[in-house]
Amino acid sequence: MEKFKVIEIKESVFKDNDHQADLLREELKKEKTFLLNLMSSPGSGKTTTVIRTIEALKDEMKIGILEADIDSDVDAQAVAKTGTKVIQLHTGGMCHLDADMTKQGLLGLGTEDVDFVILENVGNLVCPAEFDTGASKNAMILSVPEGDDKPLKYPLMFSLVDVLLVNKIDALDYFDFDLEAVKQRVKKLNPNIKIIPISAKTGEGLAEWADWIRAEVKNWNGN
């Protein structure tokens, strides 16, 4: 049998991006701007959840939104109707945002008069999980119609987020979805994760979600 060389990779291939992400976090910390990286599959209700979040917090926080998509400005148009500061980011075919792209978006948005920014990342459960955006915290949405087996199929995403929103719980009666199984599977991957069942449509659970954001923003600002 022919011999071959085995090379052990000691450094992450994402080392440069990780460094840029750390620098961005430091800048945001100094500016007292809290950046939430929100990820999910397409169709999970991400933009509706963003709009609901704006409605819950707009009277107590200065909010900005970064809408990331491969193309189109549909989501930015929807958010703009709330009167919130928003910009659309086109990734040119890339299925994720990295730290440098996020920083460009923040520069375009302007953070001097913003307390809380939501980055609505490109919709998929693979690429966004692999790139640190420099966010203060990471969140994701799993919707009921997607099924309760997603933590088994996409463990990396579920293992790195700080909070999981289980959306569309108003549709639980219509799908074979085991919420308790999801909680057990996710907790096995990520023991410290916060899991909040919500319905962006009816508003159920959104008060708890808003409270989580308030607490995290307060902690980020050292209050």
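Which residues of α1 are buried? They are Asn17, Ala21, Leu24, Arg25 and Leu28. Buried here means under 20% relative accessible area, exposed means over 50%, and partly exposed lies in between, with a 1.4 Å probe and protein chains only. Seen down the axis of α1, these buried residues fall within an arc of 105°, so they line one face of the helix. The arc is that of the directions from the helix axis to the C-beta atoms.

This is a predicted model, in which local features need pLDDT of at least 70 and side-chain atom pairs count only at pLDDT 80 or more, while totals for chains, interfaces and linings use all residues. Residues are numbered from 1 along each chain as its sequence is written, and side-chain values use heavy atoms, with hydrogens and water left out. Helices (H or I, at least four residues) and strands (E, at least two) are DSSP runs, numbered from the N terminus.

Helix α1 covers residues 15-31. At 1.5 Å a residue its 17 residues should span 24 Å, and the end C-alpha atoms are 25 Å apart, which agrees. The expected span is 1.5 Å times one less than the number of residues. The buried residues of α1 pack against β1 (34-40), α4 (99-109) and α9 (206-220), where contact means heavy atoms within 4.5 Å. On the face turned away from the buried side, α1 carries the exposed residues Asp16 and Lys30.

After α1 comes lysine 32, which lies in the loop between α1 and β1. Lysine 32 has a positive phi of about 60° although it is not a glycine. Most residues other than glycine have a negative phi. At 44% relative accessibility, lysine 32 counts as partly exposed. Another lysine with a positive phi is lysine 168, at about 65°. Lysine 168 lies in the loop between β6 (163-167) and α8 (179-189), and its relative accessibility of 26% makes it partly exposed.

Charged side chains come next. Side chains of opposite charge can pair when their charged atoms come close. The structure holds 12 salt bridges, a salt bridge being a side-chain nitrogen of Lys or Arg within 4 Å of a carboxyl oxygen of Asp or Glu. One of them joins lysine 103 to glutamate 27, with the closest N and O atoms 3.3 Å apart. Lysine 103 lies in helix α4 and glutamate 27 in helix α1, so the pair ties together parts that are 76 residues apart in sequence. Lysine 103 is partly exposed, with a relative accessible area of 31%, and glutamate 27 is also partly exposed at 31%.

Lysine 137 and glutamate 216 meet in a salt bridge as well, at 4.0 Å from N to O. This pair links distant parts of the chain, with lysine 137 in strand β5 (residues 137-143) and glutamate 216 in helix α9, 79 residues apart. Lysine 137 is partly exposed at 25% relative accessibility, whereas glutamate 216 is buried at 17%. A further salt bridge is formed by the side chains of aspartate 149 and lysine 153, 3.3 Å from N to O. Aspartate 149 is partly exposed at 26%, and lysine 153 is exposed at 52%. Elsewhere, salt bridges that share partners join Asp22, Arg25 and Asp132 into one network; Arg25 is also one of the buried residues of α1.

Aspartate 75, in helix α3 (residues 74-80), is buried yet has no salt bridge. The nearest side chain of opposite charge, that of lysine 46, is 6.4 Å away; Lys and Arg count as positive and Asp and Glu as negative, while His and the chain ends are not counted. Leaving out residues up to four places away in sequence, aspartate 75 touches Thr47, Glu67, Asp69, Gln88 and Glu120.

The last link to follow is covalent. A disulfide is a covalent bond between the sulfur atoms of two cysteines. Taken as a pair of cysteine sulfur atoms within 2.5 Å, the count comes to one disulfide. Cysteine 95 and cysteine 127 form it, their sulfur atoms 2.2 Å apart. The link is left-handed, with -70° about the S-S bond. Cysteine 95 lies in the loop between β3 (85-90) and α4 and cysteine 127 in helix α5 (residues 127-130), so the pair ties together parts that are 32 residues apart in sequence. Cysteine 95 is partly exposed at 24% relative accessibility, while cysteine 127 is buried at 18%.
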